[in-house]
Amino acid sequence: MKAYFRQPGDGRIHPHIAATDIVWAVVMSRILRVTSFLRLEWLVHSAGRVGLGVKAAFGDDALAYCTERMDPETTRLALAEALHQAKRNKAFENSRFIGLALDGTGAGRTYKEPCPLCDPIKDAKGEVHGSLHHFVLISVVGTGLTLPIDVEPYGPGDSEYAAAQRLLRRAVAHLGPRFADYVVGDGAYATAPFLHTTEEVGLPVVARLKENLPLLAAAVRARFDGQPPHAVFQEGDDRVEVWDADDFDPWETLQWPTVRVLRYRQHKPDGTVIQAEWLTNFSIAKLGSLSFYRMAKSRWEIENGGFNDGKNRYGMEHICHHEPNSILIVWLLIALAMVIERLYRLRFLHRGDHGVRSAQQLCDYLWLTLGFRSSPDTG
Ligand SMILES: [Zn+2]
């Protein structure tokens, strides 16, 4: 990580402020829940700057200028290196399978003059009400540690679906083909081109089966509806019934010999029942029904530990500087902050004799060590 912070891909010709200071300050500010450039400017002009390890103070204009000119590839490679290091240091050793989840979201709603990434938000009548910035996130899941890996924006004329394919190819190129064991995505990813892309990068895939595949969905109903469950598991407090068969016909465009489908019916202690179907190209010999169920469930991590945390705690929702490269760089630096924070808090710190600190406890602790009596309101 040190090498990255020394040379984070600065594209400025005559920088007055070292990129090291700016990038380190952005990453630390996210762990401290400081989510705007103006508040970061206040922070580096405060008495806390020295404790933060930032040599010189700077303004929000320097943050805008620098992030507009950084090369995103350098930060993407640093993220991949952090994940490699985590794997080498056995951060995932209790998990049999490491997953890569992908999902898209919108953030940074604005009513300002649109930038090239701005997607207009239209109501039913076609009237525009501001714009949104879309991106696909890819994250490590299924290991007890949700760690974001990379981000790919998509603007008007592009699609989540195309962005996800570019993102998956790049992430696997950066991480290497043997880093992960499977790819997981919701129903939007259960399309032939995406499934073929997962094969191209050498990873089995688990995707939600919904009504966008009507023939397969109907075949699954016709087979499973009248049958008793093939197996029943106790998973935590839940009783899970499963139906699992690997000989469904692929749809027209899918070049798989057959499709395996799992249906689960999850009974929660409060009486709630959740039923869903998922498809895969894992063989039954390689992946049992319970592991298949867990992989399907690991997709939720990108919602909870990815977008929800990213937006509510680390400011992924907020656009600091309305320029496409700056928006992308800030998203990538948020991902890096989340990886550093989680590895430090859940793996490194945990080696002591105290329990795991929550993200809020670590945040408060850092504010205290910077000499602030309590963490200022983070909105
Ligand atoms: Zn924009």
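## A first look at this chain

With 9 C-beta neighbours inside 10 Å, K90 counts as exposed (12 or fewer other C-beta atoms within 10 Å, placed from the backbone; 20 or more is buried, in between is partly exposed). Please bear in mind that this is a predicted model, where local features need pLDDT of at least 70 and side-chain atom pairs pLDDT 80 or more, while totals for chains, interfaces and linings use all residues. Residues are numbered from 1 along each chain as its sequence is written.

**The whole chain**

- The chain has 13 helices and 10 strands (DSSP runs numbered from the N terminus: H or I of at least four residues, E of at least two).
- Its radius of gyration, taken over C-alpha atoms, is 22 Å, close to the 21 Å of the globule rule for 379 residues, so the chain is as compact as a globular protein of that length (the rule is 2.2 Å times the number of residues to the power 0.38).
- Along the principal axes, the C-alpha atoms fill a box of roughly 70 × 55 × 40 Å.
- Of the 379 residues, 39% are buried.
- Among contacts with a separation of 6 or more, 65% join residues 24 or more positions apart (a contact means C-beta atoms within 7 Å).

**The nonpolar core**

- The largest nonpolar core holds 100 residues, and I22, W331 and L333 touch the most other members (a core is a set of buried Ala, Val, Leu, Ile, Met, Phe, Trp, Tyr and Cys joined through C-beta atoms within 7 Å).
- Helix α12, residues 324-348, gives the most to this core, with 13 residues.
- Leaving aside residues up to four places away in sequence, W331 touches F135, V151 and M316.

**Where α2 meets α3**

- Helix α2 (residues 19-31) packs against helix α3 (residues 37-44) at about 105°, with the axes 11 Å apart.
- The two helices are therefore roughly perpendicular (65 to 115 degrees).
- On the α2 side are A25, V26 and S29, which meet L40, L43 and V44 of α3.
- The residues of this contact divide into 5 nonpolar, 1 polar and no charged.

**Two residues with positive phi**

- R33 sits in the loop between α2 and α3, and has a positive phi of about 65° although it is not a glycine.
- R33 is buried, with 22 other C-beta atoms within 10 Å.
- K90, in the loop between α6 (72-88) and β1 (99-110), also has a positive phi, near 65°, in a residue other than glycine.

Key:
Two residues are in contact if their C-beta atoms, placed from the backbone, lie within 7 Å. Axes are lines fitted to C-alpha atoms, for helices over the stretch in contact, and angles run from 0 to 180 degrees between N-to-C directions. Angles under 35 degrees count as roughly parallel, over 145 as roughly antiparallel, 65 to 115 as roughly perpendicular and the rest as oblique. Ala, Val, Leu, Ile, Met, Phe, Trp, Tyr, Cys and Pro count as nonpolar, Asp, Glu, Lys and Arg as charged, and the others, Gly among them, as polar.
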